[in-house]
Amino acid sequence: MLQEAIKTIKNAKALVAFTGAGISVESGIPPFRGAGGLWERYDPSAIDIDFFYSNPKESWREMKKIFFNSMGQAEPNTAHKVLADWEKKGLLKGIITQNIDNLHQRAGSVNVKEFHGTINYLLCTGCGKRYHLGEVDLNAELPSCKACGAFLKPDFIFYGEGINPKVYQESLDLAYTADVMLVIGTSGEVMPACALPLTAKQNGAKIIEINTLPSTYTDSISDFYFERKAGELFGEIAKVFR
Ligand code: APR
C-alpha cells in the first residue's frame, strides 16, 4: 500500500497537504483530542471569543498554559521538513494547516495557509496594532499595547470567531485544485476546516491519510490510510524519494 501511495504522490499534478495537531506531536506539542489531549486538561472556553473579551486575564492565564508554554521550544520534525522539501522541489503546491505553531514555516514551507491563524503574532484589541510574539512581554498578567494600553489578543481564531475570508478562499482554492491531498494528523472534527478534505474528494482528489488513530475521514473519504506517526512515516517515504 505504501508503494501505491508513493506512486500516487509522484504522479500528482497538484499535491496539497492538510495538517492538524498530530503532525506536531512528535515535536512535543500535545494534540487537542485523544489520550493526553489538551482539551482533557484545559477548558476550551478559555479561547471562546466572548469569554476572552469579558475575562481577558483569566483567558490569558489559561492560554499561556495551553499554547505559549508548549509551543515555545518545539522544533519542526521530519514530517514538516519533508513537506517543505517537496515544496522546494515543486512536488507540493501548498499546505493548509489548522495548526498555529508556525512549525511548517520554520521547516521552510512557504505556501502555508494558516486556517486558524498563528501564535506568532498578536493584535491590540484597542488600536489594532500588530505585534510579533518576540516583541511582547508574556510575563505580564495581561499583555498590553505599548501604543494605547489596551490588552492584546493572539492572532489565532478563537471559538466563535470567523475564519479570515482571504485565508478561507485561498484554502478552498487549494482544496479544489488538489488531485492528491495528504491529510495528516487531524481528527477532522472542527468545522469549517474539516470540510476541506471533503471538498478535495468531491473534486476527484485521492486522499492519503496519515493518523495514529482512525478519524472521521478514514472509513469515508480516505483512499489510503496509514496508522502511523507522521514523522516516522515521512522519514521512510523520503528515503524512497531520494
Ligand atoms: N502522527 C499522526 N497523527 C497523530 C500523531 C502522530 N504522531 N499523534 C496524534 N495524531 C492524531 C490523533 O490521532 C488525532 O486524530 O492527530 C489528531 C489530532 O487531532 P486533534 O487533537 O483533534 O487536532 P486537530 O484535528 O488539528 O484539531 C482541529 O481543533 O481545538 C481546535 O483549533 C483547534 O486546530 C485545532 C482544531
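**Before the views.** Axes here are lines fitted to C-alpha atoms, for helices over the stretch in contact, with angles taken from 0 to 180 degrees between N-to-C directions. Helices (H or I, at least four residues) and strands (E, at least two) are DSSP runs, numbered from the N terminus. This is a predicted model, in which local features need pLDDT of at least 70 and side-chain atom pairs count only at pLDDT 80 or more, while totals for chains, interfaces and linings use all residues. Residues are numbered from 1 along each chain as its sequence is written, and side-chain values use heavy atoms, with hydrogens and water left out.

**View 1. Helix H5 crosses helix H9.** The axes of H5 (residues 78-88) and H9 (residues 230-241) come within 7 Å and cross at roughly 40 degrees. That makes H5 oblique to H9, since angles under 35 degrees count as roughly parallel, over 145 as roughly antiparallel, 65 to 115 as roughly perpendicular and the rest as oblique. On the H5 side, look for Thr78, Ala79, Val82, Leu83 and Trp86; they meet Ala230, Gly231, Phe234, Gly235, Ile237, Ala238 and Phe241 in H9. Contact means heavy atoms within 4.5 Å. By class, the contact of H5 with H9 has nine nonpolar, three polar and no charged residues; here Ala, Val, Leu, Ile, Met, Phe, Trp, Tyr, Cys and Pro count as nonpolar, Asp, Glu, Lys and Arg as charged, and the others, Gly among them, as polar.

**View 2. Six strands make a parallel open sheet.** Follow the order S3-S2-S1-S7-S8-S9, in which the pairing is parallel; two strands pair if DSSP finds at least two bridges between them. Strand S3 (112-114) and strand S9 (224-226) stand at the edges with a single partner strand each, so one side of each is left without a neighbour in the sheet. From one strand to the next, the twist averages 15 degrees. Strand S2 (residues 92-97) pairs with S3 over three bridges, and Ile95 has Val112 in S3 as its bridge partner. Helix H1 (residues 2-10) packs on the sheet, touching strands S1 (15-19), S7 (180-184), S8 (206-210) and S9, and its direction makes about 120 degrees with that of S9. Helix H7 (residues 165-177) lies across S1, S2, S3 and S7, running at about 130 degrees to S2.

**View 3. Three strands make an antiparallel open sheet.** The order is S5-S4-S6, with antiparallel pairing. Strand S5 (130-132) and strand S6 (152-156) are the edges, each with a single partner strand, so one side of each is left without a neighbour in the sheet. The twist averages 40 degrees from one strand to the next. Four bridges join strand S4 (residues 117-124) to S6, and Gly117 stands opposite Phe156 in S6. Helix H4 (residues 56-71) packs on the sheet, touching S4 and S6, with its direction at about 45 degrees to that of S6.

**View 4. Two backbone details sit in loops.** A cis peptide bond joins Met191 and Pro192, with omega at about -5 degrees. Pro192 is placed in the loop between S7 and helix H8 (196-202). Asn102 has a positive phi of about 65 degrees although it is not a glycine, and you will find Asn102 in the loop between S2 and helix H6 (103-107).
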